[in-house]
Each structure stands twice: as structure tokens, then as C-alpha cells.
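Student: Could you take me through this structure feature by feature, giving the general idea before each case?
Tutor: Gladly; have the sequence and the model open beside you.

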Amino acid sequence: MSFFIEVLAGGLLAGVMYSLVALGFVLIYKASGVFNFAQGSLVFFAALTFVSLTERGWSFALALGVTLIAMVVLGVLIERIVLRPLVNQPPITLLMATIGLTFVLEGASQLMWGSQPHGLELGIPDVPIEWLSQKWNINISQFDLFAAFVAGALVVVLALLFQKTRIGRALRAVADDHQAALAVGIPLQHIWAIVWAVAGFVALVAGVMWGVRNGVQYALTFTALKALPVLILGGFESIAGAIVGGLIIGASEKLAEVYLGPFVGGGIESWFAYVVALVFLLIRPEGLFGEKIIDRV
Amino acid sequence: MLYREAGQFKSTYAQDQQIFPILQDRIAIGALLLVVFVVVPLFGNQYWLSAILTPFLVLALATLGLNILTGYAGQLSLGTAAFMAVGAFMAYNAMLRIPHIPVIGAFIIGGLCAAAVGIVFGLPSLRIKGLYLAVATLACQFFVLWAINRVGWFSNYSSSGVITAQRMEILGYAIDTPASKYVLTLAIVALMALGAKNLMRSETGRAFMAIRDMDVAASVIGIQMMKTKLLAFAISSFYCGVAGALYAFCYLGTVEPEAFVLDLSFRVLFMMIIGGAGSILGSFLGAGFITMFPIFLNLASKSLENALGMEIPHALVSNTEAIIFGALIIFFLIVEPNGLARLWQIGKEKLRLWPFPH
């Protein structure tokens, strides 16, 4: 039983890591209807910039601040150069543009900082919590708990931003209806720049967390692929969906790997999440928390 | 155009329905076919035939397959490479396990198996749409590669999952030179392109386009959703499967499952978008552009090296290449979202009035 709980908890905490990446997708999709495939490379870019700065002897806070500024500038640039000319194009065109953006970002970040992998330390050891493993014989990593805490804090901050501030109200209005938002005088382009900047911030957090876990390397860009099933499970428009979806995907993936994997030869992590998400989709085509899609002729 | 359709009257329905209604167009396409079928294999050099033209044709076929599904029927798919993998590995198995099977028969079996896989992974399209479907097709991509890697049967229990394409022979002629492989690929691609062109002018093709434009309206006017969508998946995957088989047999020769990773799906998707979604010609233009592009970049960096008299580090070149590639895609999407096929069309219309546009 304690083994089951350990696997479940490990999966839930891994799911939180997926949610961190998925949050960035949701933010941009909510506000601009763009499915931002480049979120994975944004994560990579942020993590690589941060780790390269710290390795050059910058202090933690300074490197974090500078990277944050870089992400904000990048977000504004993306809005200005890529998205603004593509307003009113069909979603597939926008998706393709962000895939193109992926190439640019990956090339640019490796051009700037080189392509060798880096290690990243935050001072929180990735070791099991002692009293848990002694008392209940359950091994849960300290760092995983910290990541979960960060994700929780991030969601609270985002919720406050969305619910309590003037910008948040404008964001929600834009998400509801671009034209109506424009009609009441909300500057669409500023709002989009802000959203991309916030998504850049989320990417930075996700990048640092994943960087500590797996090292900062090119493989970080594939975190986007891990986040996709989370997204379709939770619904593209829902922040709560990203969290709950992440938890479900993380837990089921780990449980399947442990209890189902041996029967089919293992390695099923690469696709199992997608199958779980597909099964959910067949029941609820708009995801768990997505907005109901109503077709009109 | 340097020529016009003036004086060419259509007096029968058959003439009205022709793919190339203008005499000069027919002559031009005839000349083009003559050049690519006869002149190129006779005089083309080995490198061009085996390393550029054959992969171009194979990828054009895959793009055509994706175009049928995404460009015509409107079902976004990111699993093209998986269907190609099914085609390649099943064609290999057909050659291996069925005695005396002709090569073409093996290709068809590969295509049919891909079609079956396509139908299975097309089932969710009945419930989910758009971007959700695109992500769902990623399941196909990962699952198929996993299965090919894990189940030894597919690669005849070779330790690394690598297969080596068997020797090909058609009616006693061995297909083993670059030129003969090129001609075989070209013949198959030309036939299938003609088939696709005609399919899209038929009732089925119109049903596909109706679903793409608005599926609710299409079902209201009596188009069967399930049948048509699954048919689109089946035909598209068949094309991709045959392309995969050609990729293995005529281009690479030795294939590992990793040849069919997600990157290939994206490349084919780029080809479709840059060429023009919903256009047969566009599939070829896009495939040509994306195949040639790295070669041009390579040449450019080489000549830059010569001009500067120093060696540019490899990482710099490959990263710059990625940046230019991505930037170019964004540029294309902004300037002409309908792709090269649309540019071609505009160019033709301009030339038709040239040099007196008013």
C-alpha cells in the first residue's frame, strides 16, 4: 500500500511539473486564441539564459531579474513581429507560425549560449523527506514538494492577477470577445504583449524547475510535448484545467508505468498520457474545464 | 501567359472537364513529363538523383497525403510520419514474409496497413475537432513509433530495430541504380498525384471540402460525417504509407524507426503550408522548396567561408540555419498564407494580361 501511495504521490508531483508548462499555453490561448507551440522553446530559452547568467557569476536575484526582463522583451517582440501581422488568420496558420517561432528560439538560444547541457542548483536537495520515509516508508522528494508549492503559489498569483486587477479584467474581457473588448476601448495589442510577457514569466519558472530536475539542455524543449495531453485533458482555456489535468496525467502515467508497463514491455510513458487524454476527450470533447463548443451554421 | 486561351472553344462536356483545358498547357505538361521521365534519368548525376530528386518526390507524395486530410478535408494531423513508418515497415514485412510478392504489391500492402491505422486514429475525429484533434493525432505518432520499437516482429527481430530494404525487381528488371529508383518513384508519385487530382474533382472530394468549410452544414445537406471523415483519413494515410515505403526502399535503403520522428511530421506540415493547403500543385512546390532550402543555405555558408577565408563552426551554421528556416516560415505565413500555389496562380493571372494590364 505504501508503495502505491509513493507512486501516486510521485506521479501527482510530476504532474505539477507538467502543469507549470501547460499554464503558459493556457494563458496565451485564453487571451489570443493562439495555440502557442513555442512555449517549450520559451521554457528552454528562459532556463538557458538564467543558468548561463548564474554561471557567469551573477547573483541569483540579478540573473532572475535580467532573465525576466529578457522574457518580457521577447514576449513584446513576438507580439509585434509575429502575431500582429497574423491577426484574423485561421488557427492552423497561427499554430504554424508558432512552430516556426520554435525553430527561431531554439536556434537563437543555442547560438547565444552554446548547446552544452548545464546543471542547475537552487539549494533544495532532490532527496526523500526523512520523517516520511522513516515513519510511513514513503519516499517523496523534497524538491518535488517545493515544485508543487511553487506551482501553487504561481496559480494563486495568476488568479489574483486575473480576478483582482484592472489588467486582469481587461485580459478576461479580451479572452471572452476580441471585438467587444476593442469596442469598450481595451487596447488589444498592449494586452497581448502583457499576456506574452506573463507567459514568458511562467516559462521562466517552469524552466528553472525543470532545469533543476533534468539539467538545462535541449531536451527541455520536449516538455511542451508532455504538456499537450495535460492541455487537451484540462481544456485549452482553463487554468484550473491545466492544474487538474496535470495531476491526472502525472498520476495515471506513473501508475501505468509501474503496474501496466511490465506487461507490454515498458517505456509506455511516451504515449500513455495521450491515450488517457484521448479517452477523456471522447467523453468530453472540450476537455474537463474547457468552454463548451457550440456549432452554429 | 505568353499564350492565351483565345480561339479554343469547348464544344463537349469532356472538353469542359479536362484538367488542362488549354492546348499549350497540355503541351507544356507533356514536355515536362518527357523531361523528368527520360532526360533527367539519362543525364542527371547520381548525387542529384539519389540525394535530392528522389527524397523530394517521396516527400511530395507524403505532403499530398497530408494535403488530402488537412488541406481538403480540414482535419489537422501531426501524425504523418507515423503513417509513413507503418507503410515502410509493413512493406518490408510483406516482402519478407510473402513469397514472390511483386514490389508494387508490397508497397500497396504497406499503404493499406497505414490506411487501417489511419482509420483507427481517425475515429476520435468524429468527436473532437481542430486543435484538440491535432494533439490527439500526436498519440498516433508516439504510439506507432513505440510499437515498432518494442515489437520485434516489425523489424524481423533485428536488435536495433533497423531494417534493410530488400532488393527490388519489376518484370525482371532490377531496380538498384539511382536512376531506376528515381524513375520508379516518379512513376508512382505521378500516378498517385493524378489520382488525387481526379479524386478531388469527384463527389468524394467535394464532400471533403464541404466538411472542411463547415462540418455542421455539410452534415445538414446529407454528407455522412463518419464515412467521409474516415475515408479522408484512410486515403490520406494510404498516400503517406506508400510514401513511407518509397522512403525506405527507394531513398534510404536502411531505415530505423527514428527516421520517422515528430520532426518529419512537422517538415511535411511545413511543406503543405508553404506549398499551399488544398492544392495538388502546392504539395510539389512546398516539398521542393523545403528540400532545396537546406542545400541552398549550405552552399551559401560554403561560399561565405570561401569569401572570408576562414572556417565557420558547424554549430553556428546549423543554428543559423534553424533561425533562418523558422523566420522564413513566419515570413511566408505573413506574406502569403495561401502558399506558393497561390503565388503561382497570381503570377499566371498577371502574365495573362501582360504586357497590357489595362
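Predicted model: local features only at pLDDT ≥ 70, side-chain atom pairs only at ≥ 80, totals over all residues.

Student: Is B:Lys302 buried or exposed?
Tutor: A residue is buried if 20 or more other C-beta atoms, placed from the backbone, lie within 10 Å of its own, exposed if 12 or fewer, and partly exposed in between. B:Lys302 has 12 other C-beta atoms within 10 Å, and is therefore exposed. From B:Thr228 it is 74 residues apart in sequence and 50 Å apart in space, C-alpha to C-alpha.

Student: Where does B:His100 lie, and what is its phi?
Tutor: B:His100 lies in the loop between α4 (80-97) and α5 (103-122) of chain B, and its phi is near 60°, a positive value in a residue other than glycine. B:His100 is exposed because 5 other C-beta atoms lie within 10 Å.

Student: How should I read the packing of α7(A) and α9(A)?
Tutor: Axes are lines fitted to C-alpha atoms, for helices over the stretch in contact, and angles run from 0 to 180 degrees between N-to-C directions. Angles under 35 degrees count as roughly parallel, over 145 as roughly antiparallel, 65 to 115 as roughly perpendicular and the rest as oblique. The axes of α7 (residues 166-176) of chain A and α9(A) come within 10 Å and cross at roughly 105°, so these two helices are roughly perpendicular to each other. Contact, which requires C-beta atoms placed from the backbone to lie within 7 Å, is made by A:Ile167, A:Ala170, A:Leu171 and A:Val174 of α7(A) and by A:Leu188, A:Ile191, A:Ile194 and A:Val195 of α9(A).

Student: What is the angle between α11(A) and α13(A)?
Tutor: Helix α11 (residues 239-259) of chain A and α13(A) pack at about 130°, with axes 9 Å apart, and are therefore oblique to each other. Among the residues that make this contact are A:Ile249 and A:Ala256 of α11(A), and A:Phe272 and A:Val276 of α13(A).

Student: Which residues of α13(A) are buried, and what covers them?
Tutor: The buried residues of α13(A) are A:Trp271, A:Phe272, A:Ala273, A:Tyr274, A:Val276, A:Ala277, A:Leu278 and A:Leu281. Their cover includes α10 and α11 of chain A together with α6 (130-150) of chain B.

Student: How many residues does each chain give to the contact?
Tutor: Chain A gives 37 residues and chain B gives 35 residues. On the side of chain A that touches chain B, the elements that give two or more residues are α4 (91-113), α10 (223-234) and α13 (269-283) of chain A, and α4(A) supplies the largest share, 17 residues.

Student: Which residues of α6(A) are buried, and what do they pack against?
Tutor: In α6(A), A:Asp144, A:Ala147, A:Ala148, A:Ala151 and A:Leu154 are buried, and the buried residues of this helix pack against α1 (2-32) and α9 (188-214) of chain A.

Technical notes. Residues numbered from 1 in each chain as written. Chains lettered and ligands numbered in written order. Contact = placed C-beta atoms within 7 Å. Helix = DSSP H or I, 4+ residues; strand = E, 2+ residues; numbered from the N terminus.
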